[in-house]
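Here's a quick briefing for anyone meeting this structure for the first time. Have a look at it, then read on.

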Amino acid sequence: MNKTVLPVALASLITATIGHADVPAVAVDIAPVHSLVAQVMGTLGKPELVVSPGASPHGYSMRPSEARSLENADIVFWVSSGLTPWLADTIDTLARDAVQVELVKVLGSTTLIKRDSALFEADEHEEDEHEKDEGEGEEHTEDTESQHSNTDPHAWLDPSNAMIWLDSIADELSKADPENAAVYSANAMSGKAAITAAKKDVEASLAPVRGRHFIVFHDAYHYFEDAFDFPASGAISLGDATSPGVARIQQIQDRVAEANVTCVLTEPQFNPSLVETVLEGTEARSSEIDPLGTYIETGPDLYPQLLRKLATALAGCV
């Protein structure tokens, strides 16, 4: 039997033999995390998405229905306060009694330090500081909190993190719903198999274009670059998507002109006019890339599809 099919068959078999017990109500922040949770829950339940597809999570005003999903949640899975600073207090207020799982703090997660400069040098990726979080049992000193505040929050774009989070999601759901623990575990295994297959497809897509140079709209792809050894040359905007100053735009324009940058990537969440400014007078192309999977149907398949679409868009532009 195909190795990828085996975990799927196992999950289906277990789901068929175990009934729907008291499945916890779950709320999640963004679509890629929703995909991971939906994968683990399978047919037992459906997580509620707090940040609408297509919206930037860095600053967001919830709809009443999204606020209610937090109020009703038994468990909340979210990436970090660095990604959604407005959500931390909101969870404490609306979901005070819920289990809160900040995924970048899950034991074993790889985190990267934020990049503040407009231009990225090749050796930055080799010397980049990787951190392994010490998990929920760590003592939260001022140094620990400072470390988390300096962490690049776009950690879902490292597929190794996604696979670690699948296990954490299954563990938390199993604590709340032990009768279905076997289902959650099997579904997580199936999800990891799907991500492994997607990783192979990404490697195949990027192999022919390795060594080419590109600029991203905002610094959201550090984890993807690092996971697949395909570094960007710079970012028009910082990781929180704040508007860049004139000097930063000039630095990017100079890099495009001088370093044979062939591609500048736009995103559906942001105004493309800045990209047009950067491209003016150059032969570089632009293409849309999306770290959130805006145009992919929400659900278990979104995350593996997101990895493939990022690679396809990048390979087609550079």
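What follows covers a pair of helices and a sheet.

This is a predicted model, where local features need pLDDT of at least 70, side-chain atom pairs count only at pLDDT 80 or more, and totals for chains, interfaces and linings use all residues. Residues are numbered from 1 along each chain as its sequence is written, and side-chain values use heavy atoms, leaving out hydrogens and water.

**The helix pair**

- Helix 2 (residues 31–41) packs with helix 7 (residues 159–176) at about 50°, and their axes sit 9 Å apart.
- Helices (H or I, at least four residues) and strands (E, at least two) are DSSP runs, numbered from the N terminus.
- Axes are lines fitted to C-alpha atoms, for helices over the stretch in contact, and angles run from 0 to 180 degrees between N-to-C directions.
- Helix 2 and helix 7 are therefore oblique to each other, oblique being what is left after under 35 degrees (roughly parallel), over 145 (roughly antiparallel) and 65 to 115 (roughly perpendicular).
- On the helix 2 side, the contact (heavy atoms within 4.5 Å) is made by L36, V37, Q39, V40 and M41, while helix 7 brings A162, W165, L166, I169, A170 and L173.

- An open sheet is built from 4 strands in the order 8-7-9-10, with parallel pairing; two strands pair if DSSP finds at least two bridges between them.
- Strand 8 (234–237) and strand 10 (285–288) are the edge strands, each pairing on one side only.
- From one strand to the next, the twist averages 25°.
- Strand 7 (residues 213–218) pairs with strand 9 (residues 261–266) over 3 bridges, and H213 has V261 in strand 9 as its bridge partner.
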